[in-house]
Amino acid sequence: MLQQSIITSSFWIENGHLTLDILKTSEWYTTLYQFAFFVALCIFIYEGFRRKYPLSSWLIITASISLLLIVGSKIGTYSLEDWQMFIQTGELESTGKKTALGAVLLIVPGLWLVRRYIHFNAPVWGAFAFFAPAMMLVQRMGCMMAGCCYGTPTNAKSGIRYFGPSVIRDQQIHGEHIPFHQYTTEAVHNVPLYYMLVAVLTIILLLFLRKHIKNGKRLLLVSMSTMLVGRFVIDFFRDVQAHNITQELVYG
């Protein structure tokens, strides 16, 4: 029996902390990641309707963005050594990793080429202002359930604990924070929740500023700057090993 706990099949409150059975909750990561992508694309399509852009052209741009994001997020995870091996053998190893950096690096030139090909000259970048925070708001919930972005130990009631085998548990056992026979980790800062709060604040700020900032690029700059500042602050609560779970670096 867990003292002071409300038990469900996948999560419960134990000693004032939200505790997740990571073997069950981690299964939601892929579903939430895909749903986040779908929500962000719906918002992007709506932004085109709101601007009264031609439907056919806007749908082509939306489809192109989807492809560029998916391909870029995969390509960006390969190291320089992987590309050298590809040149020599013509093969790349399959990977389940993703990175937003690769998506951004591919979408900028890719979108420029698509717009030139279909002769679409209307502003586009402003439609991305709500794209990233909306996607992060949903996708980070999956991160919380999978325990892939975790924080340093904390006694605050907002901390989260994980039950079952996980990277967090292994690290805390290695650091002698918990004994090897304990299946529940110490409470850690709920970093994914912090990201979600930053996303909410960004969306609220954008809704307010949209009435005053008509230049779409400036609105996108506000969106990206707000999230980057939030990311900088949150990193003070994020465990350093969460950046490098597999002991590999992407482009250093």
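## Terms and model

A residue is called buried when its relative accessible area is under 20%, exposed when it is over 50%, and partly exposed in between, using a 1.4 Å probe and protein chains only. The structure is a predicted model, in which local features need pLDDT of at least 70, side-chain atom pairs count only at pLDDT 80 or more, and totals for chains, interfaces and linings use all residues. Residues are numbered from 1 along each chain as its sequence is written, and side-chain values use heavy atoms, with hydrogens and water left out.

## Helix α6

Helices are DSSP runs of H or I with at least four residues, strands are runs of E with at least two, and both are numbered from the N terminus. Among the buried residues of α6 are F131, P133, A134, M135, M136 and V138. Q139, R140, G142, C143 and M144 of this helix are buried as well. The cover over the buried residues of α6 includes the strands β3 (17-21) and β4 (160-163), along with α2, α3, α8 and α9.

After α6 comes G147, with a positive phi near 70°.

## Loops with positive phi

Most residues other than glycine have a negative phi. K52 is not a glycine, yet its phi is positive, about 60°. K52 sits in the loop between α2 (29-50) and α3 (55-75) and is exposed, at 75% relative accessible area.

H119 also has a positive phi, near 60°, and is a residue other than glycine. The loop that holds H119 runs between α5 (100-118) and α6 (131-146). With a relative accessible area of 67%, H119 is exposed.

## The loop around H177

H177 lies in the loop between α7 (167-174) and α8 (191-209). Its relative accessibility is 44%, so H177 counts as partly exposed. Leaving out residues up to four places away in sequence, H177 touches Q172 and E186, where contact means heavy atoms within 4.5 Å. From H177 to L193 the separation is 16 residues in sequence and 23 Å in space, C-alpha to C-alpha.

## Position of V233

V233 belongs to helix α9 (residues 216-234). This residue is partly exposed, with a relative accessible area of 43%.
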